[in-house]
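Please keep the sequence and the model open while reading.

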Amino acid sequence: MRINMSGLLIAGIILVMPLSCREKSDCLRIWYDSPADASVPDIEDGWQNDPEWLKALPAGNGFIGAMIFGGVNTERIQLNEKSLWSGSPDNNNNPEAYGSLNTIRQLLFDGKYREATELTLETQVCRGAGSGHGNGANVPFGCFQTLGDLWLEFGRKSPYGKYRRELDLEKGIVRISYTQDGILFKREIFVSYPGRALVIRLSADKKGSVSFKGTLNRPERFTVSSQEDNLLMTGMMSDGKGGDGMQYAVRLKAVSGSGEISYQKNVLEVEGSDDVVLLLTASTDYRLDYPEYRGDDPLKTTLEQLKGLSGKSYQSLLADHIKDFSALSGKMSLRLSDIKEDTVPTDRRLRNPDDLRLHELYFQFGRYLLISSSREGALPANLQGIWANKIQTPWNCDYHTNINVQMNYWPADATNLPECHGPLTDLVEAIVRPGEETADIHYRASGWCIHPITNIWGFTAPGEHPSWGLHVGAGGWLCQHLWDHYTYCLDTDYLKRVYPVMLGSAKFYLDWLVRDPLSGKLVSGPASSPENTFVAPDGSAGQISMGPSHDQEVIHELFTNVLSAAKILNFETEVNAQVVRSGTEVVRSGAEAVRSGAEAVKPEAEDSLLVLIDSALKDLAMPKIGSDGRLMEWSEEFAEREPAHRHVSHLYMLHPGNRIDPEKTPELADAARKSLEGRTDAGTGWSLAWKINFWARLHDGNRAYKLLKDLLRPIENYSTNMSGAGGSYQNLFCGHPPFQIDGNFGGTSGMAEMLLQSHIREGDDYLIRILPALPDAWADGKVKGLRARGGFEVDMEWKAGNLESCKIKSLKGGRLKIVYGDRKTDMSTKAGKTYKLKPGI
């Protein structure tokens, strides 16, 4: 059948091919013709990146991370275990905070910013050392740290040739090959999720040529011992209180059918083998379980893991790994170039930001990093994913909740990796109980809250300085990810799981919001617009205000999503008329309320909660457009101290939110565009990535493309720069600088947004926009496996900038609303069916 609907042609229903039968592009590989130099020692300064480390290739399984240098005479594989942190659980809630809260609010309402700032600095902070100002290795907050290094010394010094080092993005394997002394040597390295181990195979084309010595070490707190059939490295981390904290263990075992293997004097020695397989397991005694966070004995865990691998051949381990990894990586593909064989090393390709093959690599590299750093059962990807080579890592390699951990997961659903989202959900759920204590102690509020940082020990208090540490919108932003994941998968069991978390966050904001005495609207505060500074009317530098746009947008979205979730789950929203009077919310008054109408919203009964949320939603103050045409970042037209600031938090409702749209809300879209122009295209790595997403949402593909090229520019700045030095290192890690992985994930997300968008709702359905921000440079292309909200998977091909074909698989059934250019289709679908669409003529 052929049905013409508003200019799009629906050409029948076809059955989707199974994954194994789907057309695949040639395998994408990041590759180099020289090794990273393992002989160069790391710089001790945790805020200074190491250039050679940023040439190494990353591998991981969500639990173990490895950075592979590929040295010829000396191989260094720098190791990480995702849960390896210093620090320990600590009570950082400040009982003195609440007593000044209402006074600060009134000072802000009265325009006394200098006085409000001084009192905020004194009171609205955590108790204790907090994050150690980002240097928490030796305080209770702790720090994600290197597990150490595996060193392989081959005992050869002669020249080598035909060197190649590559990362197979489809199979998740690092390969190294070279010739030396007339022998072809090969290494194959991967980190197996099914096997929970780092696996290394070393081989040569001449029998008996594989000989080396292997050792394990780390910069501090370790002991190595020779066991009967493995090397064992153990240690205890600092608890930040003068004692020992987390325990860890690493085991290394060699397996070979030839040559000799020995474990003596803390050294693994292999002599005269044809080929050798090394197995490395690692674990800690940590578990994401508040309040003790104590898990199993890592000595037993690592030994059991080794025993579980001992009966398997290398080919079996490899096959299991490829099957597992490719099942995720192969779910989607992107082709922008016509390159059949990649003959240009990636570091040279990086010199040309218009290189279409580079764009393909970068997109899939972001997906590769997420697969490698975020798997079910593991902790989420942190500021550096799972890869860090320091004792003191930048910003403790923690979870920044004012954009960074969220950006890590932007590509999870859109690029067909929903299986990688679980660790973020686990973390948010684990935050609730400590967050309830913080909400109660700091604000006398119900529900739960979190501020701009957290760690693996349940830190939810404000930071040690309110300029950045009093970001109260973090909880709502995290809940956005819970809801958004549901909108892609439409799994009601998942929604039932996360709904109480979302509702708990909404309860907090109901108690937190107060009435602005001038507008009568509900506003958040005292709060910052993340990390930004304004010039107050009294001339002082201010960060704290009432009703910053970011908070208002986040809370509006959370309330909207909670009500939508309740409707889906059929929760009752009607309550007794005595509880909700004349459609307005119950407001608690009395001694604890702020004078001049700034009353704290308090639900009187649990069954009134949804109606209170609905009422508060309608009463929220929302951002205004300023006299200069820009969307206002604060409730008043303050001048920015740093106009090109890296954070653009007041555009949250453009991205990742959904309330600004060029077609639905053109005035707001124009104001957002002017705000972005004012911010300029300068930025840190992750800021550039966010701007790609912004411009894509504004349907300006060429501007998004320009930002993508900025993100891809090669940089050699290895120290901290907080303004305009963002770009990419040789191994394609994103430079803040220093290295910060959120830019990689944000860049992949932005590329997906350029090709497909599905964030705008029409009633209960989502509008799928095809090629909404296609840049001129991507004139021809093909993408398979992009996912859209509402439970759809999209394949499409375009030529000369025009859509040639589009297939959409309906995963759950329901309405399908599609827009391409000025043409629109609306139809019913059946679960499991694929629909072929062609643009009308």
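The sulfur of Cys 489 lies 14 Å from the closest cysteine sulfur, that of Cys 420, so the pair is too far apart for a bond. The model is predicted: local features need pLDDT of at least 70, side-chain atom pairs count only at pLDDT 80 or more, and totals for chains, interfaces and linings use all residues. Residues are numbered from 1 along each chain as its sequence is written, and side-chain values use heavy atoms, with hydrogens and water left out.

**Cysteines**
- The structure holds 0 disulfides, a disulfide being a pair of cysteine sulfur atoms within 2.5 Å.
- For Cys 734, the closest cysteine sulfur is in Cys 397 at 14 Å, which is too far for a bond.
- Cys 489 counts as buried because its relative accessibility is 15%; buried means under 20% relative accessible area, exposed over 50%, and partly exposed in between (1.4 Å probe, protein chains only).
- Cys 734 also counts as buried, at 0% relative accessibility.

**Seven-stranded sheet**
- An open sheet of 7 strands runs in the order β4-β5-β6-β7-β12-β17-β16 with antiparallel pairing; two strands pair if DSSP finds at least two bridges between them.
- Its edge strands, each pairing on one side only, are β4 (57–60) and β16 (260–264).
- Helices (H or I, at least four residues) and strands (E, at least two) are DSSP runs, numbered from the N terminus.
- Within this sheet, β6 (residues 74–81) and β7 (residues 148–153) pair in the antiparallel sense over 6 bridges.
- Arg 76 stands opposite Trp 151 in β7.

**Nine-stranded sheet**
- An open sheet of 9 strands has the order β3-β8-β9-β10-β11-β18-β15-β14-β13, again with antiparallel pairing.
- Here β3 (29–32) and β13 (223–226) are the edge strands, each pairing on one side only.
- Strands β14 (residues 231–238) and β15 (residues 244–255) pair in the antiparallel sense over 7 bridges.
- Gly 235 stands opposite Tyr 248 in β15.

**Helix packing**
- The axes of α9 (residues 422–443) and α11 (residues 474–489) come within 10 Å and cross at roughly 135 degrees.
- That angle makes α9 oblique to α11; angles under 35 degrees count as roughly parallel, over 145 as roughly antiparallel, 65 to 115 as roughly perpendicular and the rest as oblique.
- Axes are lines fitted to C-alpha atoms, for helices over the stretch in contact, and angles run from 0 to 180 degrees between N-to-C directions.
- Leu 424, Thr 425, Val 428 and Ile 431 in α9 meet Leu 478, His 481 and Leu 482 in α11, where contact means heavy atoms within 4.5 Å.
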